[in-house]
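Student: Before we discuss any classification, could we look at the sequence and the coordinates together?
Tutor: Here they are.

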There are 2 protein chains.
Amino acid sequence: MQTKTVKRRSVRASSPAPLQDERPANDGEGGASDLEIYERIITSIMEHRLPPGTKLGEDKLANIFGASRARVRQVLARLALERVVVLHPNRGAFVAEPTVEDAREVFEVRRPLEALVVRRIIAKKDPAIIARLRAHVEAEEAARAARDRRAIIRLSGEYHILLAELSGNALTARLMHELASLTCLIIFLYDAPSVPACRDQEHSEITQALADRDEATAIRLMTEHLEHVEACLDLSRGRPEELDLEAALAS
Amino acid sequence: MQTKTVKRRSVRASSPAPLQDERPANDGEGGASDLEIYERIITSIMEHRLPPGTKLGEDKLANIFGASRARVRQVLARLALERVVVLHPNRGAFVAEPTVEDAREVFEVRRPLEALVVRRIIAKKDPAIIARLRAHVEAEEAARAARDRRAIIRLSGEYHILLAELSGNALTARLMHELASLTCLIIFLYDAPSVPACRDQEHSEITQALADRDEATAIRLMTEHLEHVEACLDLSRGRPEELDLEAALAS
DNA sequence: TACAGATAAATTGTCAACAAAATTGATGTT
DNA sequence: AACATCAATTTTGTTGACAATTTATCTGTA
């Protein structure tokens, strides 16, 4: 067993910009606030504790969080808008199962966006940014040392979210939050079960290039990084589910 | 007066991908469906019939559309997620008033995304695409001939949405839908009242470059186009509202 | 007259009950 | 025994009412 969970929030890179002005935060007691419900669900999805295809029943979630069904419903609607869950009318909400096409589109959009982020980070010339990135990379290494695969994948995604946030473009940060969440789902769906051996210290190298303010190298490393991740996926055939089903039928 | 409205839907470039599987469409009678409410509101916003800062009261909208408040609330939440409206807790929903910073960010993200779209369109080699683009450009010219400023701006935005949709990347299309809506708001907020004289036949030129499959020229034209639009804006000072207020206080 | 406080109106936030639909399980027929 | 039909349960969708907060109005005092 190797399920020792690496501590979260070492470097906080979540909550995609406040949807509305801050509020007193209903942190009364048992009942969880909207944001808490949202974050707990999306974190569970990013860590694959809620695998793609899982049904998210409203009543069940409401009981779990000690909240009303209406509130859960709201959160599910938001997650659906971010394409991290899918709503089937009169059937309920399910954790999304991105298709191969979806996966390709995500990477295609991420490439130019990440380049934009890199350029902005370098332009900022802020040593504090590099420090925060280094801290995050350390957290990633800790997760890798602990062999906590779930944390590894989540933190990998959060590195890019953090990068976008530190770049100072709030819009890009929000988009990256969404794209990184989807990427987590995609990796869990299509990653060859072999290993996350690929893309190991690439974040560290990218951080170094940013520290050196070497734009060309940073963008090249980032592009290659994304291509490596994409290349590690089994995008040749359809998603597992359908394949298994058809295979079972064919025999 | 010059308010003769150019007919919509000549080239349909709306509704950013179905959020959930299609449903029978509750087109019973007076009551409007979710999508109808959404589209009517966002079209009104894109045409500036609902200017930035307008309060969108739930009860009022519910009466107007003959729908329940809950449904209106849902639609408003969605529009808030797309940043086209802003929610103030216990105060209600308002048409967003993007800041200068927001505007810059939108253009910064649009540049690489539009380039991506252009590359994909050219790679598709589909004459039908060019035909649809030409048809849309014609609709734009009709609106310009009719001096229908609202339609001009909305159709300008929809050109880019259409482009993204035709590029075959659904994710990009969804993002562009959101960015184009925001751009409409921004133009109405910051455009020098002078004219939309700038960026007149640029869409036509871009379309031609796409038809010629001249990638370099198409991307250059597109980039310049976006820069022209951005340059036409009064982004030097804060938005009108705040400026007036401070100016009044200073005297 | 101008301002502070309090009351009244309007609007948003929340919830719980009801209605509709789909899934599951049971029954009867071939 | 297999299939189709039908009933029962579970789950989603919708509505309406109630509570909480904000905004506007009114009153009294300096």
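**Terms set against values**

Tutor: Leaving aside its neighbours within four places in sequence, Asn169(A) is in contact with Arg120(A), Ala164(A), Glu105(B), Glu108(B) and Val109(B), where contact means heavy atoms within 4.5 Å. This is a predicted model, in which local features need pLDDT of at least 70 and side-chain atom pairs count only at pLDDT 80 or more, while totals for chains, interfaces and linings use all residues. Residues are numbered from 1 along each chain as its sequence is written, chains are lettered from A and ligands numbered from 1 in the order in which they are written, and side-chain values use heavy atoms, with hydrogens and water left out.

Student: Why is Asn169(A) called buried?

Tutor: Buried means under 20% relative accessible area, exposed over 50%, and partly exposed in between, with a 1.4 Å probe and protein chains only. Asn169(A) has a relative accessible area of 0%, and therefore counts as buried; its place is the loop between α6 (149-166) and α7 (170-190) of chain A, helices being DSSP runs of H or I with at least four residues and strands runs of E with at least two, numbered from the N terminus.

Student: What makes the pairing of the side chains of Asn169(A) and Glu108(B) a polar contact?

Tutor: A polar contact is a pair of N or O atoms within 3.5 Å; within protein, one must be able to donate a hydrogen and the other to accept it, and residues adjacent in sequence count only if both atoms are side-chain atoms. The two side chains make such a contact at 3.1 Å, and a polar atom of the side chain of Asn169(A) also lies 3.0 Å from the backbone nitrogen of Thr172(A).

Student: Which accessibility classes do Lys125(A) and Arg213(A) fall into, and why?

Tutor: Lys125(A) counts as exposed because its relative accessibility is 57%, whereas Arg213(A), at 40%, is therefore partly exposed. Lys125(A) sits in the loop between α4 (100-124) and α5 (127-145) of chain A, and its phi is near 55°, a positive value in a residue other than glycine. Arg213(A), in the loop between α8 (202-212) and α9 (215-232) of chain A, has a positive phi of about 60° although it is not a glycine.

Student: How do you know that the span of helix α1 of chain B is close to the expected one?

Tutor: The expected span is 1.5 Å times one less than the number of residues. Helix α1(B), residues 34-46, has 13 residues and reaches 18 Å from its first C-alpha to its last, close to the expected 18 Å. Its buried residues, among them Ile37(B), Tyr38(B) and Met46(B), pack against elements of chain B including α2 (58-65), α3 (69-81) and β2 (85-88).

Student: What makes β2(B) and β3(B) a pair?

Tutor: Two strands pair if DSSP finds at least two bridges between them; four bridges join β2(B) to β3(B), which run antiparallel, and His88(B) stands opposite Gly92(B) in β3(B).

Student: Why are β1 and β2 of chain B said to stand at the edges?

Tutor: Three strands of chain B form an open sheet in the order β1-β3-β2, with antiparallel pairing. Here β1 (55-56) and β2 each have a single partner strand, so one side of each is left without a neighbour in the sheet.
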